[in-house]
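Please open the structure in your viewer and keep the sequence panel beside it, as this tour moves from one selection to the next.

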2 protein chains.
Amino acid sequence: MDIPTLSDVLTAHERIKPYIHRTPVLTSSFIDTLAGAELFFKCENFQKAGAFKARGASNAVFGLDAAQAAKGVATHSSGNHGSCLSYAAGRRGIPCTVVMPRTAPRAKKDAVQGYGARVVECEPSTSSREAVFAEVVAATGAEFVHPYNDPRVIAGQATCSRELIEQVAGLDAVIAPIGGGGMVSGTCLTLSNLASNIRIYGAEPEQADDAYRSFKAGHIIADDAPSTIADGLKVPLKELTWHFVRNHVTDILTASEAEIVEAMELTWKRMKILIEPSCAVPLATILKNRDVFAGKRVGVILTGGNVDLHKLPWQ
Amino acid sequence: MDIPTLSDVLTAHERIKPYIHRTPVLTSSFIDTLAGAELFFKCENFQKAGAFKARGASNAVFGLDAAQAAKGVATHSSGNHGSCLSYAAGRRGIPCTVVMPRTAPRAKKDAVQGYGARVVECEPSTSSREAVFAEVVAATGAEFVHPYNDPRVIAGQATCSRELIEQVAGLDAVIAPIGGGGMVSGTCLTLSNLASNIRIYGAEPEQADDAYRSFKAGHIIADDAPSTIADGLKVPLKELTWHFVRNHVTDILTASEAEIVEAMELTWKRMKILIEPSCAVPLATILKNRDVFAGKRVGVILTGGNVDLHKLPWQ
């Protein structure tokens, strides 16, 4: 297992700086009062392509040597990783192929294609996805960039909390959503090296709580097809992200679907920013675990803002 | 006519700093490409109470002497000025009364009351509003803080563009929505003193283009009851704001209702921020007047983000 190091994070940060936003940190005194804590929201919803995944994707793409770059990159994703990899490949001017289920929403395919990648459709099953993806790689020689179980991707995501601790002094804790665990792993990588006193929390939907159960059980538990509005958080931990979660996470907290939607609407209404459902899970867990964060200075990673404005969950 | 000066702006800025956000400036390479210009969005939608009007209201409230402060403040407004004055009075801990038509949306009354002010209802007519407001002032001795035709309010709004020129170097132009003209007047006040090379534009709905027509005619034209989705921009210029508009504005540009909604949705979708319809008018006019701004560095004042999330104009 190739575990990324602090040196990889620093290299990644220099490498991707021209292609990512150093996103701002916003605060809300109203929400602070509700939470009984000081919350510092790191706005990766403002990141390129609307999600933190532009960091990891850019690090993977711009780290390729010229020969591999010429053959391009490929991934399978129906979410933000696909559009972020497409974005990064477009910036470098190399080919990118994203395998997506033919049932994925038109808007998601449009986003991937909008940044220049080719979309190849598969059936909505793991076996079809793997078969189609293997064909794509065999035909193109493209480099596979996994959405999270990849040291280059984790080193890229790790640049987010490096910025956060430069922007906000004296944090007691940082919390991020946990799906496959890429952002949480990057957070662990940075903070365990640069600010090991800061506690790290993962936040997960109750209805897709495989990371929570893995954490409590001490080994990876993967569910087949969890159902949650937080669609970015359905994927399971893998060995690399499990390594970071097991070693550096203080706890994983969960929230119900209703609590996630409520936190999402609260954030839109009071902070005037768009966040996607997955991104609302940390605030939802903070509001239901006030004792854990009481009086603390807490960094909250807002992971993404890609929502369908014509289909909002409170309507 | 008591015309505010640069000295009033500097005093206002020191006075209100503890009560307002120094709002960030955001950019979008996607929208820049559409516009053919470099746009710098000054995010007053993130301002306290969700609108730039917290600046002017705070300057008026915190500039009162103790005797007047004890009697409180009052205004008539069914929009952001009411909630912003309520916010400022709440921060100082003094009484605030806002006269609102009984037909105003429940959400707007809730916002005003949420910051602590008392709402007094009137009939939805000018005569009723004036009669009820006169009673309120007679009964309380409250200081009237006009939404825009007030030197204290204009000096407060002027602090916004002072921050903007500190945050972004080399601007060629600044554009803001124009309704009563408070924000545009504040912008004129600051820029004519500190950066007189920067051109100043007002942006107005076609369906409430009284400022445009005033500007072309050379005297104030006030319409009775214009109808537009940009409900913050229905009010007419008054003598103080007309003074600044006449002397310092380069041009006033207009946009249709459909163009306003399109610019609003574009901003939400690409920038991941909530802006209200009035706030989308500048971008709408930029996108339809590409020749005016081609290749220029343009500051765009995003004036507010108070929208009803259950009633979006594209639904």
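**Charged pairs and a buried helix**

Begin by selecting Glu259(A), which is partly exposed, with a relative accessible area of 24%. Keep in mind, as you look around, that this is a predicted model.

Lys288(A) belongs to helix α13 (residues 277-288) of chain A and Glu259(A) to helix α12 (residues 257-271) of chain A, so the pair ties together parts that are 29 residues apart in sequence. Lys288(A) is partly exposed, its relative accessible area being 37%. Side chains of opposite charge can pair when their charged atoms come close.

Next, select Arg297(A) and Glu38(A), whose side chains meet in a salt bridge with 3.3 Å from N to O. Because Arg297(A) lies in strand β10 (residues 297-302) of chain A and Glu38(A) in strand β2 (residues 38-43) of chain A, this pair ties together parts that are 259 residues apart in sequence. Arg297(A) counts as partly exposed at 24% relative accessibility, and Glu38(A) counts as partly exposed at 35%.

Move on to Glu123(A) and Arg102(A), which form a salt bridge whose closest N and O atoms are 3.0 Å apart. This pair links distant parts of the chain, 21 residues apart, with Glu123(A) in the loop between β5 (118-122) and α7 (126-140) of chain A, and Arg102(A) in the loop between β4 (96-101) and α6 (106-114) of chain A. Glu123(A) is partly exposed with a relative accessible area of 39%, while Arg102(A) counts as partly exposed at 44%.

How many salt bridges does a search of the whole structure find over all chains? The search finds 36.

Finally, turn to chain B and select helix α9 (residues 182-194), whose 13 residues reach 18 Å from the first C-alpha to the last, close to the 18 Å expected at 1.5 Å a residue. Of these 13 residues of α9(B), 10 are buried, so the helix is largely enclosed by the rest of the structure. The buried residues include Gly182(B), Met183(B), Cys188(B) and Leu191(B). To see what surrounds them, display α1 (6-16), α8 (151-167), β7 (173-177), β8 (199-205), α11 (239-248) and β10 (297-302) of chain B, against which the buried residues of α9(B) pack.

Terms used:
Residues numbered from 1 in each chain as written. Chains lettered and ligands numbered in written order. Predicted model: local features only at pLDDT ≥ 70, side-chain atom pairs only at ≥ 80, totals over all residues. Heavy atoms only, no water. Helix = DSSP H or I, 4+ residues; strand = E, 2+ residues; numbered from the N terminus. Expected span 1.5 Å × (residues − 1). Buried < 20%, exposed > 50% of the residue type's maximum accessible area, 1.4 Å probe, protein only. Contact = heavy atoms within 4.5 Å. Salt bridge = Lys/Arg side-chain N within 4 Å of Asp/Glu carboxyl O.
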